[in-house]
Amino acid sequence: MDDVVKDAFEIVSAQDRERMKRDKSAKPTLFVLLGDHAMNEIGNHGGNSQLETSTVFVFLGQGIRGQPLADKGKNALSKLLTTEVSQINLVPTLALLFGVPIPKNNLGMPLRELLSSYSDSERLRMLQISAHQMFGVVRANDPTVREIALAETASNSGGPMNCDNEGESTSDVLRCKYRRALATHRRYAVSGSGAASKVEREYYDFMEHANEHLSRAFSGYDLGAMFTGMAIIGAATVALAALYQSSDKSGGIISTKTWSLRVSAPTAALLVTYLVCLWSSSLIEEEHQFWYFWTQTMLALRVLTSTAAGDALRTVLQMGLFRIIRAWNQTGQKWTGEPDIRLYLNSSHTRLMWILVVATVLVVNVAAHRLHMYLYPGPARSVIARRADMRSPTYALGTMPYRRDADEYKRRVAEAERARAAVLYSGADTAGLRALMLTQRVFRAVVGYASFSALVYQMDRNHGWRELGVSEGVWSFVRWCVPADLGQVARLVYLCTALAAAIGVACTWYRAKAGVLEHSPGSHEFRASVTQAAALDLLVGMLPVLLLLSRPHNIPLFALFLAMFVLFWSQLQVVFGPRSLTSVTDAREGNQSDVCGCLGVLRPSKLVVLFCLVNASFFALGNSNSLASLDLSNAYTGVSRYNEGVVGLLMFVSNWAGPLWWAVAALATLTLSKQGLTAQRAVDALVALHLWQACTLLVLSIVVTLLRTHLFIWSVFSPRYLYQVGWLVGFYIICATCGGLLWLVGLAQVS
């Protein structure tokens with residue numbers, strides 16, 4: 001390592017000589033070598049041991065008066081590392097050497113060794129500046145401390161001051177020491193009495209005591225409040241665990257002769273490994289690897305425990321799609337700079353990116369609308385036509401005009417279809433059916449126009465139409481279809497989304513009012529219930545806003561999300577053809593004893609896989625547990641003036657777009673399962689989710705309390721705690737719990 005430092009310094013010195021030869025006013029380079037942390041004997045770092053906190057700290061350069069190199073041999077530099085200094089002293093030292101202001105919250109002191117080459121007046125001025133900055137921190141920490149006026153230093157210049165009086169507060173003692181240093185400095189500057197070293201000692205005496213006091217104040221923790229908070233979280237965790245254990249679960253159960261734990265083996269392994277990962281700073285930084293691993297593992301377990309080749313094949317396809325998803329954005333700390341699909345699309349293949357964006361908007365709308373149309377069919381045409389024929393005189397008399405055989409065949413087919421529809425929708429109100437058909441069409445039109453507006457916004461804001469080679473005339477026509485101002489385009493998407501929600505409510509009301517049967521008597525054919533149709537309405541209707549608030553290169557991910565969701569169904573034709581939905585529900589789901597015998601206990605449910613996808617999609621969009629990865633680029637989309645609530649909401653939706661979509665997909669899966677979405681199942685799901693969050697928050701609280709002196713407490717563990725609060729409050733309490741319960745209550749009232 002010494003040779004590396006030597007080579008680097010010699011190269012820099014040679015460059016300095018050439019530069020200073022050409023320019024007489026040029027200054028030499030200051031070479032600073034330091035590390036942010038060290039390691040112990042086994043290679044670990046981040047703790048507060050001596051080996052982990054002691055790092056190399058070397059200044060090299062012209063004007064630096066250091067220790068003489070008596071030993072010219074190997075490791076000569078290492079033998080000089082005998083003086084220990086605080087790492088925070090680097091900031092004020094560099095600020096003074098470069099002549100820039102010291103950061104106002106700095107707690108460090110200038111290094112004596114690096115100021116020795118300056119004159120007494122220059123050195124004392126530097127110390128005065130540093131002491132003045134630190135006294136400002138003292139006053140900010142204790143507003144009762146008064147500023148020191150010039151007259152105070154002059155009036156006490158005749159003799160020493162005693163700053164160690166008993167009964168005074170620490171802030172008063174610090175003020176006295178700073179005042180004494182200024183008075184000593186003033187006496188030296190005016191009359192020349194005393195030595196400069198005495199003034200220097202007075203300044204360092206004040207700064208050392210201020211550093212000790214402020215460091216203790218800033219690093220102090222209210223352990224009583226922390227333990228109280230952990231006790232409350234622990235009590236809530238125990239209560240949720242008891243509630244979860246008492247509920248009747250149909251999934252896998254781990255049990256012995258004496259006790260029974262109502263949790264599947266994959267879920268238990270997922271929870272235990274996740275809680276263990278919270279103790280490691282590296283695993284917190286790379287949490288995306290945990291969710292990527294467990295998502296693929298859950299899918300692999302479903303392949304191994306599948307009894308039908310078709311189910312296994314669809315799950316293998318899901319694994320392939322997820323492998324593409326995880327390669328889309330490199331995130332975390334160690335691999336964030338590695339090549340990924342995002343870099344590929346944003347650098348040399350921007351045209352391909354915009355082709356994928358346009359294709360995604362088309363595919364998502366066509367596939368989602370087809371799914372919506374199939375699960376929420378328009379029944380009115382055949383029924384209304386049937387009832388109109390029954391009222392016609394020709395139908396009543398039993399007469400019909402002569403037709404050829406082909407026409408007769410078509411007529412009989414149409415007659416059979418009308419008879420089937422009449423049985424399926426028997427007793428339905430004709431006016432209600434007409435209104436239902438109209439609202440379904442309006443819903444799809446509004447969602448389609450909102451998606452189109454979101455696409456125009458993205459292409460105009462990021463000049464995607466130029467990348468695609470669209471002419472000015474064509475683009476002017478496209479822009480004519482939406483407002484001219486991009487802010488108004490974004491607000492139009494929000495308005496269309498709200499309108500689609502209102503129309504979805506109307507669809508639900510008309511469907512319930514029309515009295516449509518869900519199952520046709522004597523047939524295995526399945527039609528979506530009110531709850532299922534409403535869930536699919538929500539899944540489709542939220543897509544335009546998510547596309548609007550996502551970065552362009554992330555938009556194709558929603559097409560992959562949709563493909564993975566469709567593959568959870570038993571037949572791919574459910575989206576693209578008129579197939580029966582009897583195979584949509586997996587009769588084996590939740591009955592693990594019939595799946596591959598003893599391997600049935602290893603089969604994760606669809607909801608467990610979807611839970612993994614909820615978390616994995618957060619990182620797949622490029623997010624991490626670092627505050628620096630929060631995407632603020634879409635937080636002001638459509639906002640004309642700053643509003644904390646609106647900006648915060650948009651920032652949350654843009655960063656949690658993937659988890660929000662998969663959460664609604666999980667809701668749709670609940671409604672489409674064999675058991676259906678009952679109140680008990682909804683409560684059980686919410687209890688399970690909050691139990692997971694409570695366990696995570698409890699363990700994370702214990703971790704940050706025990707590791708409060710860890711090197712990475714503020715850079716790794718504290719941001720992770722903030723993200724955990726965001727997940728708990730923003731996602732699970734507000735969106736999942738409050739939003740989900742409001743949706744269920746509103747659906748019950750409407751239907």
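How many salt bridges does the count come to? For this predicted model, the count comes to 17.

## Salt bridges, pair by pair

Let's start with D460 and R479, whose side chains meet in a salt bridge at 3.0 Å, N to O. D460 sits in helix 19 (residues 430-461) and R479 in helix 21 (residues 472-480), so this pair ties together parts that are 19 residues apart in sequence. Both ends are tucked away: D460 is buried, with a relative accessible area of 19%, and R479 is buried too, at 13%.

R342 and D340 make another salt bridge, with their closest N and O atoms 3.4 Å apart. Here D340 is buried at 7% relative accessible area, whereas R342 is partly exposed at 25%. Then there's R139 with E147, a salt bridge of 3.4 Å from N to O. R139 counts as partly exposed at 31% relative accessibility, and so does E147 at 39%.

Some charged residues join up in a group: R112, D120, R123, E200 and E208 are linked in a network of salt bridges.

You'll find D205 in helix 8 (residues 196-218). Its side chain makes a polar contact of 3.3 Å with that of R180. Leaving aside residues up to four places away in sequence, D205 touches K177 and R180.

Now for something nonpolar: V725, V729, I733 and I734 make a nonpolar surface patch of about 280 Å². I734 belongs to helix 31 (residues 713-750) and is partly exposed, with a relative accessible area of 48%.

How values were computed. Residues are numbered from 1 along each chain as its sequence is written. This is a predicted model: local features need pLDDT of at least 70, side-chain atom pairs count only at pLDDT 80 or more; totals for chains, interfaces and linings use all residues. Side-chain values use heavy atoms; hydrogens and water are left out. Helices (H or I, at least four residues) and strands (E, at least two) are DSSP runs, numbered from the N terminus. A polar contact is a pair of N or O atoms within 3.5 Å; within protein, one must be able to donate a hydrogen and the other to accept it, and residues adjacent in sequence count only if both atoms are side-chain atoms. Contact means heavy atoms within 4.5 Å. Patches are made of residues with over 30% relative accessible area and no salt bridge: like charges are joined within 9 Å, nonpolar side chains (Val, Leu, Ile, Met, Phe, Trp, Tyr) within 5 Å. Accessible areas come from the Shrake-Rupley method with a 1.4 Å probe; for residues, only the protein chains shown count as cover. A salt bridge is a side-chain nitrogen of Lys or Arg within 4 Å of a carboxyl oxygen of Asp or Glu. Buried means under 20% relative accessible area, exposed over 50%, partly exposed in between (1.4 Å probe, protein chains only).
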